[in-house]
Amino acid sequence: MVLNTGDAPTPGADTEPRALARGFNHLDPAIAERAYETLGTIRRGCPVARSGELEGFVLVTGYDEIREVAQAPDRFSAYVDGLGAAAVVTEMREAVAPMFETDEEHHHQWRRALMDFFTPAVAAAQEQYVRAICRETLQELIPRGAADLVCSYTQQVPPLVIGRVLGLAELERAWLSEHVRALYDAETLTEAQQVGRVYADFLLGQIRERRSHPARDLLSCMVTAEADGHAAGEDELVKMTMLMVAAGHLTTADSCATAILQLLDDSALRERVTGDAGLLAPFVEELVRCEPAVAATGRTVTADTQLGGMPLSTGDRLLLAWGSANRDERHFADGEVFRLDRERSRAPHLGWGAGEHRCLGRHLARVELRVMLEELLSALPDFRLQPDATVRRTFGVIRGVAALPVRWSRR
Ligand code: HEM
């Protein structure tokens with residue numbers, strides 16, 4: 001087994017890392033607690049390795065290898081079947097979501113069309129709204145003295161924000177928020193499919209409304225944008241809007257939950273960021289390095305090629321473990337450790353992705369997370385875990401925390 005050297009592993013050797021990789025399934029809830037320990041062992045032994053799970057895929061855990069894939073859309077397509085979350089709207093399976101799942105010129109045209117809604121200035125302009133809904137949500141919580149901060153705070157704010165960015169009216173944002181939470185809380189696939197159908201119909205109504213009366217909002221822009229001379233079809237738009245909501249909501253909600261857990265675990269860190277709100281921006285950046293909410297996304301090989309010495313065939317599916325790249329000892333000293341004062345590595349962390357699909361919403365996410373944490377620390381200064389609480393982390397496409405049962409002094 002090769003440890004910490006970055007050397008190529010012995011081809012074909014049946015090492016422990018290879019055995020771990022062969023059985024690795026990011027969608028298995030059982031891996032969540034030790035996900036980064038397992039990924040670290042795999043990365044140090046074989047940064048590119050085959051898994052036999054989910055009908056077979058190639059697990060990529062090394063920084064250089066993940067970056068190479070993300071920066072070569074001519075060899076690795078963003079369209080991938082079967083490594084993401086289960087399809088809750090079955091008709092949508094065949095549709096390819098513009099931008100998210102397309103590559104090169106088609107992708108560039110879409111990205112250029114939407115760019116203006118995701119600039120730092122547009123993100124900054126959302127700050128007041130984010131702060132207002134954080135305050136409103138927290139004002140209702142204060143007298144209760146106890147709550148699960150995941151369902152009553154971290155999951156409350158982001159769906160309203162992405163709803164506003166899309167251009168939904170206030171009541172529609174509340175509808176969206178309620179239904180996306182019901183979707184992700186569903187306990188069975190059948191239940192998720194039922195909610196998913198209602199949700200898809202709602203989005204279709206919004207899309208049709210904007211086809212006939214386009215406004216100056218993100219959803220109208222998605223409905224009217226053209227790539228290669230064509231606007232997107234209805235199924236493509238519904239899928240794209242679902243992915244846009246998930247990209248804006250799940251990532252931010254789960255990042256915020258992970259951030260709160262980090263603060264509960266480390267009282268010195270909590271004291272520092274509570275005393276100096278200016279530290280929240282670097283805190284968020286280190287969080288996205290160490291515990292990125294987008295934990296693993298896929299690519300499909302479009303032409304026979306090689307990666308990290310492993311031959312790959314057209315059609316092979318790759319899973320990029322972004323958080324593992326960010327802990328790669330070849331680039332990040334003590335990468336497993338959360339360090340607020342971490343010196344900037346010459347290699348940028350990959351928590352926001354890399355290459356042409358790099359996170360479009362990162363400026364917005366930074367604003368949301370900073371404000372959500374600042375308002376929480378100010379409204380519930382002494383929140384602490386319930387004495388009998390067990391906290392369960394989650395892992396999959398998205399990394400987060402299942403529940404945060406806490407209490408605080410009532411005022
Ligand atoms: C902490 C929160 C977030 C993290 C860690 C994050 C991370 C990522 C990552 C890693 C990717 C690239 C995935 C890939 O290449 O396979 C991505 C793409 C994307 N993100 Fe985020 N994201 C976050 C928040 C947001 C928010 C709030 C939005 C707002 C809508 C957003 C919108 C997008 C979009 C539209 C893409 C696709 C870009 C493209 O395909 O060109 N993200 N994000």
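Mentor: Two strands pair if DSSP finds at least two bridges between them. Helices (H or I, at least four residues) and strands (E, at least two) are DSSP runs, numbered from the N terminus. This is a predicted model, where local features need pLDDT of at least 70 and side-chain atom pairs count only at pLDDT 80 or more, while totals for chains, interfaces and linings use all residues. Residues are numbered from 1 along each chain as its sequence is written, and side-chain values use heavy atoms, with hydrogens and water left out.

Trainee: Thanks! Which residue in the turn between strand 1 and strand 2 has a positive phi?

Mentor: Strand 1 and strand 2 pair in the antiparallel sense over four bridges, and Ser51 has Phe57 as its bridge partner in strand 2. The two strands form a hairpin with five residues between them, and the turn residue with a positive phi, about 50°, is Leu54.

Trainee: Why is one side of strand 1 and of strand 3 left without a neighbour in the sheet?

Mentor: The open sheet has five strands in the order 1-2-10-7-3, with mixed pairing. Strand 1 (48-51) and strand 3 (76-77) stand at the edges, so one side of each has no neighbour, because each has a single partner strand.

Trainee: What angle does the direction of helix 3 make with that of strand 10?

Mentor: Strand 10 (residues 317-321) runs parallel to strand 2 (residues 57-60), joined by three bridges, and Val58 has Leu318 as its bridge partner there. Helix 3 (residues 63-70) packs on the sheet, touching strands 1, 2, 3, 7 and 10; contact means heavy atoms within 4.5 Å. Axes are lines fitted to C-alpha atoms, for helices over the stretch in contact, with angles from 0 to 180 degrees between N-to-C directions. With strand 10, the angle is about 125°.

Trainee: On to the ligand: which protein residue is the donor to its iron atom?

Mentor: Donors are N, O and S atoms within 2.8 Å of the metal (3.2 Å for Na, K and Ca); water is not among the atoms, so sites may look incomplete. The residue lies in the loop between helix 15 (322-325) and helix 16 (362-379). The iron has a single donor from the protein, an SG atom 2.3 Å away, belonging to Cys359.

Trainee: How far from an oxygen atom of the ligand is the side chain N or O atom of Arg299?

Mentor: A polar contact here is a pair of N or O atoms within 3.5 Å; within protein, one must be able to donate a hydrogen and the other to accept it, and residues adjacent in sequence count only if both are side-chain atoms. For Arg299, the distance is 2.8 Å.
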